[in-house]
Amino acid sequence: MLSKIIAEEAISQSEKLLKKHNKIAIITHISPDGDALGSSLGLYWFLKELEKEVVVVVPNPFPNFLRWLDGSSDIVIFTENRELAEQKIKEAELVFFLDFNTMNRIDGLKNIAIDAQGDKILIDHHPHPDIFCNVKISHPEVSSTSELIFRFICRMGLFPKITLPAAECIYAGMMTDTGNFSFNSQSPEIYSIIHELLLLGINKDEIYRKVYDTCSADKMKLMGYCLSEKMQIFPEQKAAIISLTLQELEQFNYQVGDSEGFVNMPLSIENIEISIFVRQDKDKIKISFRSQGDYPVNKMAEDFKGGGHLNAAGGESYYSMEKTLTLLEEAVLHREKYENME
Ligand code: 5GP
Ligand code: MN
């Protein structure tokens with residue numbers, strides 16, 4: 001039996017909204033990752049079982065290694081089909097916001113989502129959500145939004161409505177947001193949920209292979225290049241920074257998602273507690289932060305227009321690569337500044 005972490009009030013309000021509405025849109029964050037898509041498609045399949053008219057809308061394309069997720073080909077991608085994305089959100093009677101805590105995280109969908117007339121339910125695990133919603137299910141202590149989707153469905157007494165595709169999506173999200181259950185994964189209840197998902201028929205080893213063992217030769221070479229040529233270590237600060245320019249990415253025929261997971265690599269080095277990965281995109285520089293233990297990288301990310309969790313955060317920069325790296329090095333050299341920050 002799972003503990004009832006989602007408040008009774010949130011469940012009863014959600015039940016009412018689900019009873020009342022038929023047309024539903026699910027929105028998740030920019031550069032959707034495994035948890036963003038896993039939670040969205042998990043909920044999508046569940047709502048389809050309830051015979052709802054449901055659509056998942058994302059701000060921009062997602063990586064190839066998530067294309068195997070059942071339902072991913074039905075997703076409306078805003079940058080590829082702006083009119084349809086806008087229409088679906090406008091006509092939705094109920095909109096779910098999954099896996100993000102602030103509207104800036106949905107990029108071009110922000111104003112459309114703010115203007116949406118439908119009722120709104122947020123389900124997320126990032127701290128301090130600032131989104132206006134009828135129902136807010138926000139649990140930073142839970143390791144993935146996908147886990148919250150499982151709990152949400154079970155709390156409504158609708159576990160029998162979880163089909164195999166939904167179970168696979170939920171598992172994929174739980175797996176990716178915990179690095180295959182290697183961080184944020186101490187809660188025994190995670191494994192009770194996995195037990196249930198296995199009984200529903202998921203093949204966890206196959207899901208692992210589909211997500212982690214399907215990378216291209218180009219990606220593997222880019223990874224090697226990062227480690228051998230581009231990793232800067234700060235031994236005293238127990239930190240590492242890896243950066244890639246647009247030119248370098250092009251050299252390795254970069255595809256969306258190819259640098260996924262690179263930020264975690266330096267954490268495998270003994271005594272490295274902070275890892276930063278910097279990638280130049282066409283319009284901005286994207287920065288990923290990771291840490292081990294109780295070092296709050298989300299505080300460091302706040303200095304770079306971002307935020308996130310204690311051990312995983314992100315931000316962005318509109319300066320040159322050179323200036324961005326200088327600022328990041330300064331942040332690393334003064335790492336203690338971000339400790340014990342409120
Ligand atoms: P990633 O490095 O994988 O892009 O992001 C890791 C985590 O950091 C995400 O789950 C999200 O919580 C947070 N994050 C990433 N980028 C941003 C950003 O630009 N702004 C904020 N507020 N959070 C971010
Ligand atoms: Mn997540």
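This is a predicted model: local features need pLDDT of at least 70, side-chain atom pairs count only at pLDDT 80 or more; totals for chains, interfaces and linings use all residues.
Residues are numbered from 1 along each chain as its sequence is written, chains are lettered from A and ligands numbered from 1 in the order in which they are written, and side-chain values use heavy atoms, leaving out hydrogens and water.

**Around Ser-12**

- You'll find Ser-12 in helix 1, residues 8-20 (helices are DSSP runs of H or I with at least four residues, strands are E runs of at least two, and both are numbered from the N terminus).
- Ser-12 and Pro-61 sit 49 residues apart along the chain, and 34 Å separates their C-alpha atoms.

**The manganese site**

- Four residues coordinate the manganese ion (ligand 2) at 2.2 to 2.4 Å: Asp-35 (OD), Asp-99 (OD), His-125 (NE2) and Asp-177 (OD).
- Donors here are N, O and S atoms within 2.8 Å of the metal (3.2 Å for Na, K and Ca), and since water is not among the atoms, sites may look incomplete.
- Along the sequence, the donor residues of the manganese ion (ligand 2) follow the spacing D-x63-D-x25-H-x51-D.

**Helix 5 against helix 7**

- Helix 5 (residues 145-155) and helix 7 (residues 188-199) pack at about 70°, with their axes 11 Å apart; axes are lines fitted to C-alpha atoms over the stretch in contact, and angles run from 0 to 180 degrees between N-to-C directions.
- That's why helix 5 and helix 7 are roughly perpendicular (65 to 115 degrees; under 35 is roughly parallel, over 145 roughly antiparallel and the rest oblique).
- Glu-147, Phe-150 and Arg-151 of helix 5 touch Glu-189, Ile-190, Ile-193, Glu-196 and Leu-197 of helix 7, with contact meaning heavy atoms within 4.5 Å.

**Helix 6 against helix 7**

- The axes of helix 6 (residues 164-177) and helix 7 come within 10 Å and cross at roughly 150°, which means helix 6 is roughly antiparallel to helix 7.
- Here Ala-167, Ile-170, Tyr-171 and Met-174 of helix 6 meet Ile-190, Ile-193, Ile-194 and Leu-197 of helix 7.
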